[in-house]
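Colleague: I have a model on screen and want to learn how to read it. Please take me through it one feature at a time.

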Amino acid sequence: MSGVAVSKDNEDAPRAQEDLVVLSGVNKHFGALHVLQDIDLTIGRGEVVVVIGPSGSGKSTLCRTINRLETIDAGTITIDGKPLPAEGRELARLRSDVGMVFQSFNLFAHKTVLENVMLGQVKVRRTAKGEAEAKARALLERVGVAAQADKYPAQLSGGQQQRVAIARALAMGPKVMLFDEPTSALDPEMINEVLEVMQQLAREGMTMVVVTHEMGFARSAADRVVFMADGRIVEQATPEEFFSNPRSDRAKDFLSKILHH
Ligand SMILES: Nc1ncnc2c1ncn2[C@@H]1O[C@H](COP(=O)(O)OP(=O)(O)OP(=O)(O)O)[C@@H](O)[C@H]1O
Ligand SMILES: [Mg+2]
């Protein structure tokens, strides 16, 4: 599995990767719907995996199982060699090890941008306030919204809010970041500012799982593309391989629809 990913810094030298997130034989049902079917997926440390596939194929559910927003019926998921904790403080810690950015920005409406980025650090990580504020300001600077620190989320554009959401997740010092269609709710002119922050994170070596329809991002940032349909991983390959030579009919069909309309 790790052999699939190739270091972006030196294409000639495949990087020996440690496994960070391992899903093995994962199955999940919603009632009669078998939404995840025998999912085996290993994500190496520092790897960027883009997940694509038709609507309803299980992409969001897959993401949500990785930080236990959804339970699974069978199989195992480990992060850094440890199985996902079921509840309590361990689960809270897991949630902060796994940063999640959703389509809807999910910021706390009644807290300022700065407070949004400080909160989890203070409450979950038990970071001292001064230190949390310094880190929050540095992260807001990094995602380009430092000037908005004292505003409330509703006073920001969608692209700015999403960058705050990314900063908030990063503030917890996550081991892996999950992005579920982070740009789908944005006006076109704001998509790039969010993708650029994600590109930068990828370059800095963050381990990322990204569900997106932005094929430009997949081509330039992904180590591996995972294509899902009907609750299964149908194929996975490097972006070059996947986009130039999809093997399954499902993937060919999907690509022809998204690339030529
Ligand atoms: N909480 C739930 N209860 C029942 N069914 C659900 C639930 N969440 C998702 N589903 C169903 O599970 C299937 C997979 O949903 P999921 O949201 O994972 O798909 P997706 O690939 O993310 O789709 P999209 O591209 O539209 O976001 C869909 O048929 C969906 O209707
Ligand atoms: Mg989804």
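**Reading the model**

Modeller: Start with Phe254, which is buried at 9% relative accessibility. Buried means under 20% relative accessible area, exposed means over 50%, and partly exposed is in between, with a 1.4 Å probe and protein chains only. Phe227 is buried too, with a relative accessible area of 0%.

Colleague: What should I know about the model and its numbering?

Modeller: The model is predicted: local features need pLDDT of at least 70, side-chain atom pairs count only at pLDDT 80 or more, and totals for chains, interfaces and linings use all residues. Residues are numbered from 1 along each chain as its sequence is written, chains are lettered from A and ligands numbered from 1 in the order in which they are written, and side-chain values use heavy atoms, leaving out hydrogens and water.

Colleague: How many aromatic pairs are there?

Modeller: Rings of Phe, Tyr and Trp (its six-membered ring) pair if their centres lie within 6.5 Å; planes under 30 degrees apart count as stacked, over 60 as edge-to-face and the rest as tilted. The count here is 3 aromatic pairs. In one of them, the ring centres of Phe227 and Phe254 are 5.5 Å apart and the planes are at 50 degrees, so the pair is tilted. Phe227 is in strand β9 (residues 224-229) and Phe254 in helix α9 (residues 249-259), so the pair ties together parts 27 residues apart in sequence. Helices (H or I, at least four residues) and strands (E, at least two) are DSSP runs, numbered from the N terminus. Phe227, Phe242, Phe243 and Phe254 form one aromatic cluster.

Colleague: What does Gln199 touch?

Modeller: Contact means heavy atoms within 4.5 Å. Leaving out residues up to four places away in sequence, Gln199 touches Phe217, Ser220 and Ala221. The side chains of Gln199 and Ser220 make one at 2.6 Å. Gln199 sits in helix α6 (residues 188-203) and counts as buried at 18% relative accessibility.

Colleague: Which residues of helix α3 are buried?

Modeller: In α3 (residues 113-123) they are Val113, Leu114, Asn116, Val117, Met118 and Gln121. Their cover includes α4 (129-142) and α5 (158-170).

Colleague: Why does the phi angle deserve a look?

Modeller: Because most residues other than glycine have a negative phi. Arg68 has a positive phi of about 60 degrees although it is not a glycine. Arg68 lies in the loop between α1 (59-66) and β4, and is partly exposed at 25% relative accessibility. Asp80 also has a positive phi, of about 55 degrees, and is not a glycine. Asp80 is in the loop between β4 and β5 (82-83), and is partly exposed with a relative accessible area of 26%.

Colleague: Where does Thr78 lie?

Modeller: Thr78 is in strand β4 (residues 74-79). At 19% relative accessibility, Thr78 counts as buried. Not counting residues up to four places away in sequence, Thr78 touches Leu20, Val21, Val22 and Pro83.

Methods
A polar contact is a pair of N or O atoms within 3.5 Å; within protein, one must be able to donate a hydrogen and the other to accept it, and residues adjacent in sequence count only if both atoms are side-chain atoms.
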